[in-house]
Every structure is written in C-alpha cells, then in structure tokens.
Amino acid sequence: MSMHARQRMALARKVVDVFGGRVSCTLGIDVDGGDDEVERWFLAATLFGARISARIVGQAFHELDRAGLVRVDQARHLLWADLVRLLDQGGYVRYDFRTATRLLDLSERVHERYGGRVSAIAREADTYPALHAALDALPGWGPVTAGIFLRELRGVWDGADPPLDEHALAAAHHLRLLTDTDPPLTQITGLAHAAGLDPRDLEGGLVQLALRHAAHMGGCPGGPACAAINQGQ
C-alpha cells in the first residue's frame, strides 16, 4: 500500500473523529435497526427543515422522544399548543409556531397518504428520483431535508442512493481525498471501507467539515495540513 493511500485513510478516520459521522447516530438512532428506527430518523430529519443548529435540533428531538412522540404520525393526536411547548423546551423557540403547524400538517399527510407509516414511502418508490420526489412533496420538506434523510439510509431503503452531498464533495476536494476518474461517491465509499469506516459516517463528517470550515477554506492549505482537521474547528 502506498504512502499516499495510507495518508488518505488516516485523513478519512480523522474527519470522523473530529467532526462525527451520521447525524442519526449522534441522536441515538440506529437506522439499520428496522422501520421503527427509520420512523424516529424521519421525525428528526423533519426538524432540520428550519434554519437552526444541529444542537438545537437534537435537543428538540429528544424532548419529543421523551414525550413519547417516536413517529410523525403520532403528532396528529397532540394539541398544537402541546407541540409548541415541547419544541420550546428543546430550544426551538424562534421556529416553534411554524414547526408545530408543519408537524401537524405532515402527520396528517403521512396518515392519509401512507397509512401512518413512513416505510410505505419506500415500498411505493424504489428508485432515487421517485423517492426524492415523494419526500420533496411532503409538507415542510424540500430537497435539503430529503437529502439529509436519504444519505443516511443508503443500504437501508432501495432507492436511497443520492449523489454525494455537495458539501461533502467540496470537503473531499479540499482534503485531496479524490484521486482518480471514478465517480466521487464511488471513491468515498471505497476509501471509507479501506479505512474501516461506514461510508455514511465519512460523508457526514465531510459535510460537517465543509459547513464549519466554509469561511476559511479558501485560505487553508487543505490536505493533511487542513486547519479544521488539525485544530478541530
């Protein structure tokens, strides 16, 4: 194995060590664990629809989870004011009214269109374009939320095979992890496996690196000398 290959694997591991991996895992959700866990991830992903930090999304999700709301279909049994209160307790104050309304609208749509179970979406749409379109059509969802949700379901749902996230692609170029003419997602997947990582964790870590390092990336040397990697920015 070449020195460059070992260096790329070490960088990949450091990305995940410094910036974390899958968002679902940080929330205590195991999307590989079956439909019930995917339901929890769907609810959490819904909260990313607002321009709000991942930390507050996590707090709000855990408030809903502690209240027994483990799938979005259950929201239709709650009063709007109760949803607002739970979101407020999670720090979701600026978006509490709008998000409570969005959760109620979404719960009704999932109940009426999919029998209350998110897994029915995957049974009806088994290609990426169809799956993305079905999610994009949901109240309060859009391409960004659908992308966050689907990239962590690679290998779980047929059709959950989105392109490599654009932030992950930018970070991979910045770190000089891409070396040949294969598609970027193929390269990142291969690198993750070689480094003993889940490819979804490497993609998630690269996304976080790009988001946190965006303002400084242009002046950063990148590669193994990347300031974000070495300083844990």
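Trainee: How do the residues of the lining of the largest cavity divide into nonpolar, polar and charged?
Mentor: In this predicted model, that lining has 3 nonpolar, 1 polar and 3 charged residues.

Trainee: Which residues are they?
Mentor: Arg154, Leu185, Ile188, Thr189, Pro199, Arg200 and Glu203 line the largest cavity. Both α11 (184–194) and α12 supply at least two residues each to that lining.

Trainee: What volume does the largest cavity have?
Mentor: About 40 Å³.

Trainee: Which elements give two or more residues to the lining of the largest pocket?
Mentor: Those are α8, α9, α10 (166–174) and α12 (199–213). The largest share of the lining is 6 residues, and α9 provides it.

Trainee: How does the lining of the largest pocket look by class?
Mentor: You get 14 nonpolar, 7 polar and 7 charged residues.

Trainee: What about the second largest pocket, what volume does that have?
Mentor: The second largest pocket comes out at about 150 Å³. Its lining has 5 nonpolar, 5 polar and 1 charged residues.

Trainee: Which residues line the second largest pocket?
Mentor: The lining is Phe19, Gly20, Gly21, Val23, Thr26, Leu27, Phe48, Ala54, Gly58, Gln208 and Arg212. At least two of the lining residues come from each of α2 (23–26), α4 and α12.

Trainee: α12 keeps turning up. Is α12 mostly covered or mostly open, and how many of its residues are buried?
Mentor: Mostly covered, with 12 of its 15 residues buried. Among the buried ones in α12 are Pro199, Arg200 and Glu203, which also line the largest cavity. Others buried in α12 include Asp201, Leu206, Val207 and His213.

Trainee: How far apart are the end C-alpha atoms of α12?
Mentor: They are 21 Å apart. The 15 residues of α12 should span 21 Å at 1.5 Å a residue, so the two values agree.

Trainee: Switching to packing. Which residues touch the most other members of the largest nonpolar core?
Mentor: Trp41, Phe42, Phe149 and Trp157 do, out of 50 residues in that core. The elements giving two or more residues to this core are α3 (35–47), α4 (54–66), α5 (80–89), α6 (96–114), α7 (119–124), α8 (128–136) and α9 (143–151). The largest share, 7 residues, comes from α3.

Trainee: What is Trp41 in contact with, leaving aside its neighbours within four places in sequence?
Mentor: Trp41 is in contact with Val23, Ser24, Leu27, Ile29, Val31, Ile148, Phe149, Glu152 and Leu153.

Trainee: Where does Arg176 lie?
Mentor: In the loop between α10 and α11. Arg176 is partly exposed there, with a relative accessible area of 45%.

Key. Residues are numbered from 1 along each chain as its sequence is written. This is a predicted model: local features need pLDDT of at least 70, side-chain atom pairs count only at pLDDT 80 or more; totals for chains, interfaces and linings use all residues. Side-chain values use heavy atoms; hydrogens and water are left out. A nonpolar core is a set of buried Ala, Val, Leu, Ile, Met, Phe, Trp, Tyr and Cys residues joined through side-chain atoms within 4.5 Å. Buried means under 20% relative accessible area, exposed over 50%, partly exposed in between (1.4 Å probe, protein chains only). Helices (H or I, at least four residues) and strands (E, at least two) are DSSP runs, numbered from the N terminus. Contact means heavy atoms within 4.5 Å. Ala, Val, Leu, Ile, Met, Phe, Trp, Tyr, Cys and Pro count as nonpolar, Asp, Glu, Lys and Arg as charged, and the others, Gly among them, as polar. On a 1 Å grid over the protein atoms alone, a cavity is a set of points where a 1.4 Å probe fits but cannot get out, and a pocket is an open set with protein on both sides within 12 Å along at least five of seven lines; lining residues have an atom within 4 Å of a point. Grid points are joined across faces, edges and corners, and a volume is the space filled by probe spheres set on the points. The expected span of a helix is 1.5 Å times one less than its number of residues.
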